[in-house]
Amino acid sequence: MQEALKEAAKAMELKEVPIGAVVVKDGEIIARGYNLRETSKDPTAHAEIIAIREAARVLGGWRLHGCDLYVTIEPCPMCAGAILMARIDRLIVGAMDPKAGAAGSLLNIPEDERFNHQTEVVSGVLEEACSEMMKSFFRELRKRK
């Protein structure tokens, strides 16, 4: 999660919402991502999507069996769906997002047994640091306005 926080800091430097993600396979980070939605003008440029795409490229296929995804903030519905569809084994979340989260807060897409695959969700890993980065970002954003 420390590495995901480093990715989130990169987003923050660009004045992007500070969310970072890393994909791990066999104990090694194989992909990284951070939010680039504003920079790229792409509504799908979330940290998780960027990391998943990179992991698929590195592994040479879309099935990310044996992979864990660490993300600083609970994924939105789009990202939770992508995590599930990529067949990621485990999602490790820093802080939950009660307003938009789809991995346990509003919905729990990754663990929904109605799908043909489930992704285990573990939450609260370095929760305070992940939450504080978001709070700090939005405090600064309100000051600028």
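The legends below describe close-up views of a predicted model.

Local features need pLDDT of at least 70 and side-chain atom pairs count only at pLDDT 80 or more, whereas totals for chains, interfaces and linings use all residues. Residues are numbered from 1 along each chain as its sequence is written, and side-chain values use heavy atoms, with hydrogens and water left out.

**View 1. Helices α3 and α4 pack against each other.**

**View 2. Residues of the contact between α3 and α4.** Glu-48, Ile-49 and Ile-52 of α3 meet Met-78, Cys-79, Ala-82 and Ile-83 of α4, where contact means heavy atoms within 4.5 Å.

**View 3. An open sheet of five strands.** The strands, DSSP runs of E with at least two residues, follow the order β2-β1-β3-β4-β5 with mixed pairing, and two strands pair if DSSP finds at least two bridges between them. At the edges, β2 (28–34) and β5 (120–123) each pair on one side only.

**View 4. Strands β1 and β3 run antiparallel.** Five bridges join β1 (residues 20–25) to β3 (residues 67–73), and Lys-25 stands opposite Cys-67 in β3. Helix α3 packs on the sheet, touching β1, β2 and β3, and its direction makes about 140° with that of β2.

Notes
Axes are lines fitted to C-alpha atoms, for helices over the stretch in contact, and angles run from 0 to 180 degrees between N-to-C directions. Helices (H or I, at least four residues) and strands (E, at least two) are DSSP runs, numbered from the N terminus.
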